[in-house]
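Here's a quick tour of a chain and the charged pairs that link its parts. Have a look at the fold before reading on.

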Amino acid sequence: MLHASTRKLIDRLAEMTELSKLDWTETEDGQISYSTEGYSVSLTESPNEVVITSKDGKELERASAEDLAATQDDEGQVYAAIVAAMTAEASRIARGTERAISTLLAGMDTTADEAPTEPVEEIE
């Protein structure tokens, strides 16, 4: 079972990640990480786990895959599913996927605005 404060942290991380309010980064070992005030939260993908560390790298808590699977939120959703969804979205943020898609879409909008407005003659 997850500690109540750990559940609260995961809930808030998931909410803020969904709103794209957190600056997730990718570490050299492939984990997704968010750091603030001298502490870090890392998300692992296989298996999905949440690891809280101090600024000197000391592990303070680990929400294991087993704990996540054994704990439900107030709506009956297991934390394993919450963390999996959060990890997928955090990975997109950390790897710059959303920024790249926004840039590509903006480029397409610009290109569409510059497209000729006259009809193209058909060749018979």
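Glu 26 is partly exposed, at 40% relative accessible area (buried means under 20%, exposed over 50%, partly exposed in between, with a 1.4 Å probe and protein chains only). This is a predicted model, where local features need pLDDT of at least 70, side-chain atom pairs count only at pLDDT 80 or more, and totals for chains, interfaces and linings use all residues. Residues are numbered from 1 along each chain as its sequence is written, and side-chain values use heavy atoms, leaving out hydrogens and water.

So who does Glu 26 pair with in a salt bridge? Its side chain meets that of Arg 95, at 3.2 Å from N to O (a salt bridge puts a side-chain nitrogen of Lys or Arg within 4 Å of a carboxyl oxygen of Asp or Glu). Glu 26 sits in strand E1 (residues 25–26) and Arg 95 in helix H3 (residues 79–95), so the pair ties together parts 69 residues apart in sequence. Arg 95 is partly exposed too, at 43%.

## Other bridges

Arg 62 and Glu 49 form another salt bridge, at 2.7 Å from N to O. Arg 62 lies in strand E5 (residues 59–63) and Glu 49 in strand E4 (residues 48–54), so this pair links parts 13 residues apart in sequence. Glu 49 is buried at 13%, while Arg 62 is partly exposed at 36%.

## The whole chain

The chain has 4 helices and 5 strands (DSSP runs, numbered from the N terminus: helices are H or I with at least four residues, strands E with at least two). Of its 124 residues, 31% count as buried.
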